[in-house]
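Dear colleague,

I am handing over the structure below, together with a summary of what was found in it. Please read the summary with the structure open beside you.

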Amino acid sequence: SVSVACPFASLQLCEDSKRMLASQNAGGSSDISECLSFEVLRRAFAAVLIKTEMEIQYFPFGSKKTDYLCLMFGLRLAVSVTRAFKFRGTFESSDARVLLYKKLYGAAVSNRNVLPVDAWDAQLLHVWVPSLRNARILRRVFVKDPALRAVRENTVLFITVADATWLYR
């Protein structure tokens, strides 16, 4: 669990996190969550950034992508980052199932399509959640849903509870 009482702009980021923020990504509004993902893995587990999203090579062109490639515990890990919350209403198991299937399917496709020069040992799905409740729902669905087992492959789920409201906009 991470308590972030300051605005994003005041965080002290390492050079690789700043590089991630400055580099092009494949779209969406995920640049801050991806940057913070790497920052957490670097500070907690001494992760080293190898490549950002658009530096990783795939065939065919237009393949599903992973957000970044890092070295951690002597392993090359492909990291995909997402946020699990609901803009209106309450986050439920059905929301978790849809989100996890989408992200795990994307991870499985990127596993198959990454070029050997960028191949990794495993995938890490880093999910930001605003509450312990959402974390518990995600974990339960990830472990127990039979449809997800088919697409999980070599993906490890890593959940971070963070109370920074700006992360979920």
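Helices and strands are DSSP runs, numbered from the N terminus; contact means heavy atoms within 4.5 Å. Please note that this is a predicted model.

With those terms in hand, consider helix α3 (residues 93-113), which lies across β3 (75-83), β4 (122-129) and β5. Its direction is at about 155 degrees to that of β4.

These strands belong to an open sheet of five strands, in the order β1-β2-β3-β4-β5, with mixed pairing. At its edges are β1 (48-52) and β5 (155-161), each of which pairs on one side only. From one strand to the next, the twist averages 30 degrees.

The strands β1 and β2 (residues 68-72) run antiparallel and are joined by four bridges. Within this pair, Val 48 stands opposite Leu 71 in β2. Helix α1 (residues 15-22) lies across both strands, running at about 15 degrees to β1.

The largest nonpolar core has 25 residues, and Phe 38, Tyr 68 and Leu 167 have the most contacts inside it. Two or more residues come from each of α2 (31-45), β2, β3 and β4; α2 gives the most, with four residues. Beyond its neighbours within four places in sequence, Phe 38 is in contact with several residues, including Met 20, Val 48, Leu 49, Tyr 68 and Cys 70. Another core, of 18 residues, lies apart from this one and has Phe 91, Leu 99, Phe 142 and Leu 157 among its members.

Yours sincerely,
A colleague

Technical notes:
Residues are numbered from 1 along each chain as its sequence is written. This is a predicted model: local features need pLDDT of at least 70, side-chain atom pairs count only at pLDDT 80 or more; totals for chains, interfaces and linings use all residues. Side-chain values use heavy atoms; hydrogens and water are left out. Two strands pair if DSSP finds at least two bridges between them. Axes are lines fitted to C-alpha atoms, for helices over the stretch in contact, and angles run from 0 to 180 degrees between N-to-C directions. A nonpolar core is a set of buried Ala, Val, Leu, Ile, Met, Phe, Trp, Tyr and Cys residues joined through side-chain atoms within 4.5 Å. Buried means under 20% relative accessible area, exposed over 50%, partly exposed in between (1.4 Å probe, protein chains only).
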